[in-house]
Amino acid sequence: MIGALALTLSLSTTLAHADVQRFAVVVGNNEGAVGDDALYFAEQDARKMQGVLTELGGVSLLNTRSLYGKSRTDVLRTMTEIQGSIAGAKQNGDQTVLYFFYSGHADETALHLGRTSITWAELTALLDKSGADVRVAFVDACQSGSMTRRKGGTRAPTFAFDLQERLDARGSVIVTSSGGDEASQESDEIGGSYFTHFLASGLSGGADDDGDSRVTLSEAYRYVYHETVYRTSATRSGTQHPTQDWDLSANGEVVVTELGRSGTGTLHLPGTNPGTFAVFDLDRRMFVSQVEVKAADRRIALRPGRYLVQERLPTHLSVAEIQLAARAVVTVDSSRFRDGEYEDDVAKGSIDKSIREAKRPKLALHLLAGGRSFSDPTIQAAYFPATGTAGLEGRFGWRDGKYVSIDFLAGSGPGTLAVDGLGYPVDVDLDSATFGVGAGWRTPEFIVQAGGGLHLQGFWLRRRFPDAGVEDQELFSVAPGLAGWLGLHPGQFEIDVQLRVHYLPYVVDGRDNGMGFSELLLGLGYRF
Amino acid sequence: MILLFIFACGTVTNGPFDDDANFLAALPDEARQTVGFGDDTTDAAARGLGDRADLVELSVVIAAQVNGFVLGTLGLVDRVRELPPTERGDNTRRWGPYEGDCGVSASLLMSREFGVYQWSVLGHPTEGDDGTVLYGTHFSGETVVGGDGSFVWDHGRWASWCGLDESGVVTVDYDNRDGVDLLVLVEHLSLDGAEPTDWTYAYTRTDTLGDFQYRTVSDLAEDGSDELATVTVRDRWIPGTGGRSDAQVTGGGFGDTLWQWSQCWGATGRLTFQTDSLALTETVGNEADCVFEAAEVDRL
């Protein structure tokens, strides 16, 4: 079955008569290392490319591994799995192609997968070890600006791929998003990185220069190079030049996508209506293609769904809404377009929504356990013995370092009271529960991280005297204070030591009093 | 703004336990109902040398006897200080019953009204009716413990429960309002079948003055006579400075003759002056150097 699903691949020369299975590992990660500004669209770009490869590129879903926001360990594990799958296909006599796509942060030495990394040397070794006959890697590691943001925190030299060391005789192609020490960029306007946007557009048909309904790797590269250079030439971060490293022993072309596949429909953009058209997928809320139509007709293969075809004119938008069915060919001529205002731009609204969603804080949940003690030793000894407590904290962190937190702690256990004039300790059972809210700032994300701010805690305590025949007693208080934490944050995990200091108003014998109390807590957390 | 969030309410109180402490403060204790003579009149080196004044030596022994007897009667009272009450009421407390000597369990019952605490130790013998062996009354002063009161030990009843041939009643009046003031009356005390005797002790102590007086019988003449002398001794001292002991002895080898014997001593109890009315002892020192120049034996 896998062979049947993958059979649609066409390699025009040496691979032309073989059964070919295509595999894909698609990796996207908005998070980077310390100092990297988080990206808005890297993971969305990866999803977009996963769609292109599976819908048009002949990669079955069974042969696709998608990793969004995952770590080094996940990538290593996935590459090992895909290596096994490739070996199985080759045992059946099939030839194999592996696509590796990465969108996220990087520097001159490594991909940044959140707070973990994979060096370029490790990546090339993983690709070599995959065993695939042909290995194609698209690496979109970019930086961002205002309307366009630079991907990656620092400008880095061009990725230093050495083909002779890296590739075996069968063949390998690597396409990167930028060259030299250029920064690569995301764009709010197109809702993604320039490179991936034009790569996906090209593979969907925009790059089909010869009109044969097949997009080869060469066509795709020419298209993505031209469009990326053109669209980034006026950006603040500077022109971005994609690069390629090509080492294939085959003599022909590698066809990456075929238009008109059974599961797709075709948008036909006639040459009689020239212009630059952006195609927005209304169902997935993303731009899927951008096509420049000159004299010749252009065809774009898309999965069935609702699409918005837009031409951005100086004063207004020209918009056509298309319903595309499988195997259908819809001609988008001038009669389908209507004028629209920029303020009503559905695509822009969706992109803004994506940006807002990307700006939402990340949640980290912590299990907390520790102890509580009071600043007045006499009051502590006579009324509120130190107790243990445990609970859960949710901490929402924004990209700019702000955080807010809510927490609930509870504890129960025996203690003793030292009452003046009594020669024995009074046994007491203490129950406590607190609900806290906090807000503050944290240091940039790194393996060692610290933070602190204000903390307000609702405090409930009950004293029970089961052996003394004395009625239960309760205290409720609202205690303002400060909280600070220091911890290790390897990957998604967080281990914090947290210290909270509060002023506790309290009532004893009907009289209002106040004192400080502190909580020292160990937190084990996971960041989602 | 943040002050708006400061808020507290609740029912936390240590009132019941503070009140336990009040009840316990109304009971006699070792620090206030024992004689502190000897602690501040001698030092260890002097004791070892054996050169303390004879009357100081005698009073130290007598004080130890008195303390032993009083503390013996207060055994259960001391025990409840380490235990929470078994039962609490607004103005009552009960401890026990606890197992005691001779298989007799005992309870301590206390009640309070208008600052007056009444208490009793109720014995529960294995055979026979329950009975009170120790009881007292305490009147609160400015504080509960700074009051006065009395307690009575019925030694005969306790001895009967234990099958002992002993009798006697011990009454202790105390006043804690200004230092410590004790009057201990031992009436018809018979131990191990001996002839009943009556003893009296008076003890006063403040920060600046100590006064201990007692009357007992002793073979003071050491002549082997069956008739013991009646000895009345009064020790007065200024803590850290020195003191004076005056004794009057009649009976025994002295017949009807009143023998008056005085000794003065320094801060460590060493003899500094001595004289007696019958010149039985060597006269030592100058009476003008004594802390108290005049003899007094008239408190009891």
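Colleague: Which is Q310(A), buried or exposed?

Modeller: This is a predicted model, in which local features need pLDDT of at least 70, side-chain atom pairs count only at pLDDT 80 or more, and totals for chains, interfaces and linings use all residues. Residues are numbered from 1 along each chain as its sequence is written, chains are lettered from A and ligands numbered from 1 in the order in which they are written, and side-chain values use heavy atoms, with hydrogens and water left out. Q310(A) has 2% relative accessibility, so it counts as buried.

Colleague: In which strand is Q310(A) found?

Modeller: Strands are DSSP runs of E with at least two residues, helices are runs of H or I with at least four, and both are numbered from the N terminus. Chain A has nine helices and 29 strands. The run that covers residues 305–312 of chain A holds Q310(A), and this is strand β18.

Colleague: How far apart in space are Q310(A) and Q290(A)?

Modeller: In sequence, Q310(A) and Q290(A) are 20 residues apart. From C-alpha to C-alpha, their distance in space is 9.3 Å.

Colleague: What share of the residues of chain A count as buried?

Modeller: Chain A has 528 residues. Among its contacts with a separation of 6 or more, 66% join residues 24 or more positions apart, where contact means heavy atoms within 4.5 Å. The share of residues in chain A that count as buried is 56%.

Colleague: Which three residues supply 31% of the area that chain B buries against chain A?

Modeller: Between the two chains, 24 residues of chain B are in contact with 30 residues of chain A. The area buried there is about 2200 Å², with 62% given by carbon and sulfur atoms; buried area is the accessible area (1.4 Å probe) that two parts lose on being put together, summed over both. On the chain B side, the three residues that supply 31%, more than any other three, are V12(B), N14(B) and F17(B).

Technical notes
Buried < 20%, exposed > 50% of the residue type's maximum accessible area, 1.4 Å probe, protein only.
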